[in-house]
Amino acid sequence: MKILLYILSIFFLLLGVYGIICNWIGFWLAYVKKQHIGSFAPLVAGVLVMVGLLLFPNNDVRKLCWIGFLIDWGSIPGIFCSVWRIHKDKHK
């Protein structure tokens, strides 16, 4: 049973890390290179990382399940930036 949890945990973590990398590449292209791109996938990568860390059999790692939402541009940072830009555009 533990091996299955390790496999599922690593699977979700890899998908989450891939999503985080894609969201940061999108951030780089949109805000640094000023290229038009599609929207980021909000919360998806953060949730995948959270599930992967919660499934990990080691109890010490489960305490860090929230970290994906801070690292992923599509989670807390991206949502905060989007709300800030909408607020800024309304008050021009």
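1. Helix H2 spans residues 44-55, and its 12 residues reach 17 Å from the first C-alpha to the last, close to the 16 Å expected at 1.5 Å a residue. The expected span is 1.5 Å times one less than the number of residues. Helices here are DSSP runs (H or I, at least four residues), numbered from the N terminus.

2. The model is predicted: local features need pLDDT of at least 70, side-chain atom pairs count only at pLDDT 80 or more, and totals for chains, interfaces and linings use all residues. Residues are numbered from 1 along each chain as its sequence is written, and side-chain values use heavy atoms, with hydrogens and water left out.

3. Which residues of H2 are buried? They are Ala45, Gly46, Leu48, Val49, Gly52 and Leu53, where buried means under 20% relative accessible area, exposed over 50%, and partly exposed in between (1.4 Å probe, protein chains only). These residues lie on the same side of H2, because they cover an arc of only 165° around the axis. The arc is taken from the directions from the helix axis to the C-beta atoms. As background, an α-helix has 3.6 residues a turn, so residues three or four places apart point the same way.

4. The buried residues of H2 pack against H1, helix H3 (59-62) and H4, with contact meaning heavy atoms within 4.5 Å. On the H1 side, Ser9 is found in that helix and counts as buried because its relative accessibility is 0%. Leaving aside residues up to four places away in sequence, Ser9 touches Gly52, Leu55 and Phe56.

5. Ile21 is also in helix H1, which covers residues 2-32. Ile21 counts as partly exposed because its relative accessibility is 46%.

6. The largest nonpolar core holds 5 residues in all: Ile20, Ala45, Val49, Leu53 and Cys65. Such a core is a set of buried Ala, Val, Leu, Ile, Met, Phe, Trp, Tyr and Cys residues joined through side-chain atoms within 4.5 Å. H2 gives the most to this core, with 3 residues. In soluble globular proteins, nonpolar side chains tend to be buried together.

7. Cys65 counts as buried because its relative accessible area is 17%. With residues up to four places away in sequence not counted, Cys65 touches Met50, Leu53 and Leu54. Cys22 has a relative accessible area of 34% and is therefore partly exposed. How many disulfides are there? The count comes to 0 disulfides, a disulfide being a pair of cysteine sulfur atoms within 2.5 Å.

8. The count of aromatic pairs comes to 7. Rings of Phe, Tyr and Trp (its six-membered ring) pair if their centres lie within 6.5 Å; planes under 30 degrees apart count as stacked, over 60 as edge-to-face and the rest as tilted. Trp24 and Trp73 form a tilted pair, 5.6 Å centre to centre with 50° between the planes. This pair links distant parts of the chain, 49 residues apart: Trp24 is in helix H1, and Trp73 is in the loop between helix H4 (67-71) and helix H5 (76-90). Trp24 is partly exposed because its relative accessibility is 36%, whereas Trp73 is buried because its relative accessible area is 9%.

9. Why is the pair of Tyr31 and Trp73 edge-to-face? The ring centres of Tyr31 and Trp73 are 5.9 Å apart and the planes are at 70°, so the pair is edge-to-face. This pair also links distant parts of the chain, with Tyr31 in helix H1 and Trp73 in the loop between H4 and H5, 42 residues apart. Tyr31 has a relative accessible area of 29% and is therefore partly exposed. Trp24, Phe27, Tyr31 and Trp73 form one aromatic cluster.

10. Two backbone angles deserve a look. Most residues other than glycine have a negative phi, and most peptide bonds are trans. Lys34 has a positive phi of about 60° although it is not a glycine. Lys34 sits in the loop between H1 and H2 and is exposed because its relative accessible area is 65%. Leu43, found in the loop between H1 and H2, has a positive phi near 70° and is likewise a residue other than glycine. Leu43 is partly exposed because its relative accessible area is 36%.

Technical notes. Helix = DSSP H or I, 4+ residues; strand = E, 2+ residues; numbered from the N terminus.
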